[in-house]
Amino acid sequence: MTVSFKTIENQVLQETLYHYRVDPGMDLYVLPRPGYEKKYAIFSTRFGSIDNSFRVEPEEEVTVLPDGVAHFLEHKLFEDDRGNVFDRFATLGASANAFTSFTQTTYLFSCTANFDKNLQVLLDFVQEPYFTEQTVQKEQGIIGQEIKMYEDHPQWRVFFNLLEGLYQKHPVRKDIAGTIESIAQITPELLYRCYRTFYHPANMAVFVVGDLEPDSVGELVENNLAPRNYEPLGTIVRLFPEEPEEINRRRTVQELVVSDPLFFVGFKDTVVGKLRGRELMRREILMELLLDIIFGTSEKLYNELYRENLIDEDFGAEYTAEYNYGFTMIGGETRDSDLLYEKIMVALEKSKIDGITAEQFERHRRKILGSYIRRFNSLEFIANNFLTYRFRGTDLLDLPALLQEVNRGEALSLLEENLSSDRHTVSLITGGDPR
Amino acid sequence: MSVDFFNHQLSNGIKLYFMPSGKFKTINIALFLHQDLHRDLAALGALVPSVLEKGCRLYPDYLTLQRRLENLFGAELSTDILKSGERQILSFMLETAHGRYLDDNGTIFRDAMFVLGSVVGDPLVDGNAFRKDYVEQEKNQLVKDIRGLLNEKAAYALERCLSLMCADERFGVYKLGRVEDYRDIETVELYRFYQKIITENPLDLYVIGDLDEKLVVETAETIFSGERSQKTIELTPTQVDQPVDEVKFIREELAVNQAKLIIGFRTYTGFQDPLQCALLVYSGILGGFPHSKLFMKVREEAGLAYYVHTRLERYKGLMVISAGINAKDYTQAREIIEKQLADTAAGEISDVELNNTKQGLINQLLSRLDSPQHLISNHLEGLVGGRQWPVEELIAGIKKVDREDIMAVAKRVKQDTVYLLQSREGGDGKNDR
């Protein structure tokens, strides 16, 4: 059997990526990395915590999910009528795991032996669901502990409080794992319904990286999928509530046991949902440059704040762009959140006046390029990020080219458009009584 | 698979370890300065990298230094303090993209080495002291870091347990020292301390990348040419034989949603011990993997925890079990854990458990060869532990481990401290053993 593929060359990274289209409509990517001991594979579906209301064409019926189903399903796929899937990987010397984000669920293994067999196990267990009343009930206890662990996690709490402040309706404001109450509503039937929709190969992709021969991987995947006789999948229509441009609330404060207050300012991006493909990625790169130019360690503001003991080395600014939501967050631990807030807002206004110098822009561009190249040491980074970018219609390998295309003027215009003070919120964790 | 560092000694006695490797996109340079972990020295040691990193003679402030690194295509300089057994290591690492992916005139390696050499060896000095404002600022930051341990509850509980367990040993010292240790440190004293350790203490320099050996040695020789004393000081070996009289039970209160259970053990098996491989397998069978006894019984069967695992401190020969549980489940969780310890000690280990654990360990060891940082830390571990364990030898050793070896290790293992961190209303965790 031969499978058709095309290759994607990247001159900067000096890498060749092999792309296969496997029946019934699944993308498979293989990146050979000679000399690596480890081989890493991920099998990922476009099903995340925000996909909580959907229908499949031509059906009219809409399914509305309690919060936390995608993550719950991820846990439950690791168990089937033959027992625990971790054991199967362990017998083959592999290390397996999975994670759920806002937009996708990813199953993975890494191994240094028995790659073909491990890949079979990955493909098999993800394609063979097994949910019963009893196993669902037990998982409610385990995930309950996971939720409780995150309740004590200041970074996690400050992040979700910020999203809650920014969004009035969009499900990105909800914790990925849901709540103890919402996961109590999950049943085997509900899991099967989600499974049949989102775990169809046409909604999934595989990325494999390591010292591998691409064609043999292509054949293995094709041979695994072919006998399963998938029916074609109708278009999945994901339903999202209309999100107003306005934020939800100005300020969210929570008490937790922390040594210093943890503080972030968040800005809601109201344009991002209209952008696709390269335009979306262009915005992401411009925002990364812009934020680094204003808040980065090589600039005056960071060094002033550090000298005034207002921030520590973890202070930073970050932008996230998905296909239908986007936000910026700026902050970190601080002794005085009011003062830090004021300094951040003043800095943004000042940047509009000061502008960006050519030297600054070029220096930060070099930094982003070098950091990008360095991260390609990590097989996990490559695979995980490639599919995340792919699922939002962008291409991780496009970054060096886009980085050359963007200019200072574009970055400056985003300062006005995307960091507008009438769409910001703050999130603060204060240290309560430690006992 | 075989990977080796070429060893060189620079003319001033600094050890240089170089691994030519074309497999990575980067050039990695690391420098480690070792000293004994000691209550009176920990804060001084922790301050040195922080202060040095804030500016040196040629790049006199953080902004200037960061701009220099950005122009080297975002080369990343990171400093850290490591605690390896009863040794404190001052770590300086620099990673750059390799010149083959950049338009860099072929000088990025030398330029990066030069920056690192400046930061470590050519500090910004005011008379015979570091600059007072830098020192005060970094004292503040380190005190903040120590207090910040509280923010990560699992790490906090682990650190509390180990410090209580080893309260009378050097190992009980936190790697950054105590808050009160910083109060009286003077800039003159800190500079004198720096001058002493930089000239007398063991100093190891690592380079990994697709580079010419001659170039690496010559560059290192030129840049790290500072004068050193004739004889490098000998550090004190880590003590692994502290006896346990009785199991300590400690319960502390903190407003947490999830209780943290930490159990500390002494294995009396140090880094050079012939049973080292058996210890790795023993700990792995108990709690190193998702197939391990603790994960299967505490999480998968009883549904009491999201995480439960073992970890080893191989220099000091300690093993720690950690779990996040509901405080009310403490007694049940503890019973299940004790049962797994007893079963393992009695050799009740299936062939599948033994085989899966060995394969899992081998997979981890081989995977580490794909990261320059791990290649460096593997070799550094050998320097600290007084014995290199080449990957091939470790793997062969692990393959040979049988039930008798594991039972022999288990026989040595003594429970020392049970630590439970829970909220006041958390209920029934109190002194029931």
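What is the accessible surface of chain A, and what share of it belongs to carbon and sulfur atoms? The accessible surface comes to about 16,800 Å², and 48% of that area belongs to carbon and sulfur atoms. The legends below describe a predicted model.

**Figure 1. Chain A as a whole.** Chain A is built from 15 helices and 17 strands. Its C-alpha trace spans about 65 × 50 × 45 Å along the principal axes. For 435 residues, a compact globule would have a radius of gyration near 22 Å, and the 23 Å of chain A agrees with this value. Of these 435 residues, 60% count as buried. Among the contacts of chain A with a separation of 6 or more, 80% come from residues 24 or more positions apart. The chain carries 47 positive and 70 negative side chains, and the centres of these two sets lie 3 Å apart.

**Figure 2. Chain B as a whole.** The secondary structure of chain B consists of 14 helices and 13 strands. Its radius of gyration is 23 Å, close to the 22 Å that the globule rule gives for 433 residues, so chain B is as compact as a globular protein of that length. The C-alpha trace of chain B spans about 60 × 50 × 40 Å along its principal axes. Buried residues make up 60% of the 433 residues. Of the contacts in chain B with a separation of 6 or more, 83% are accounted for by residues 24 or more positions apart. Chain B exposes about 17,000 Å², and carbon and sulfur atoms supply 49% of this area. The mean positions of its 53 positive and 64 negative charges are 2 Å apart.

**Figure 3. Helix α11 of chain B and its surroundings.** This view shows helix α11(B), which covers residues 351–367. The helix has 17 residues and reaches 24 Å from its first C-alpha to its last, close to the 24 Å expected at 1.5 Å a residue. Is this helix largely enclosed or largely open? Twelve of its 17 residues are buried, so α11(B) is largely enclosed by the rest of the structure. The buried residues include L354(B), L361(B), I362(B), L365(B) and L366(B). Also among them are E353(B) and K358(B). An α-helix has 3.6 residues a turn, so residues three or four places apart point the same way.

**Figure 4. Two cis peptide bonds in chain A.** Most peptide bonds are trans. The bond from D23(A) to P24(A), by contrast, is cis, with omega near 0 degrees. P24(A) is placed in the loop between strands β2 (15–22) and β3 (26–32) of chain A. A cis peptide bond also joins E57(A) and P58(A), where omega is about 10 degrees. P58(A) is found in the loop between β5 (53–56) and β6 (63–64) of chain A.

Figure 5. Most residues other than glycine have a negative phi. N229(A), a residue other than glycine, has a positive phi near 50 degrees. This residue lies in the loop between helix α8 (214–225) and strand β12 (236–238) of chain A. N229(A) counts as exposed because its relative accessibility is 61%, and the cut-off for this class is over 50%. In chain B, Y268(B) also has a positive phi, near 55 degrees. Y268(B) is found in the loop between β10 (259–266) and α8 (276–287) of chain B.

**Figure 6. Y192(A) and the residues it touches.** Y192(A) is placed in helix α7 of chain A, which covers residues 188–198. Its relative accessibility is 26%, so Y192(A) counts as partly exposed. When residues up to four places away in sequence are not counted, Y192(A) touches P129(A), Y130(A) and F131(A). Y192(A) and F78(A) are 114 residues apart in sequence, and their C-alpha atoms are 14 Å apart in space.

**Figure 7. D314(A) in a loop of chain A.** The loop that holds D314(A) runs between α10 (300–307) and β15 (316–321) of chain A. Is D314(A) buried or exposed? With a relative accessibility of 66%, D314(A) counts as exposed. The C-alpha atoms of D314(A) and F264(A) are 12 Å apart in space, while the two residues are 50 residues apart in sequence.

Note on methods:
Residues numbered from 1 in each chain as written. Chains lettered and ligands numbered in written order. Heavy atoms only, no water. Helix = DSSP H or I, 4+ residues; strand = E, 2+ residues; numbered from the N terminus. Rg over C-alpha atoms; globule rule 2.2 N^0.38 Å. Buried < 20%, exposed > 50% of the residue type's maximum accessible area, 1.4 Å probe, protein only. Contact = heavy atoms within 4.5 Å. Areas by Shrake-Rupley, 256 points an atom, 1.4 Å probe, with all protein chains shown as cover. Lys, Arg positive; Asp, Glu negative; His and termini not counted. Charge placed at Lys NZ, Arg CZ, Asp CG, Glu CD. Expected span 1.5 Å × (residues − 1).
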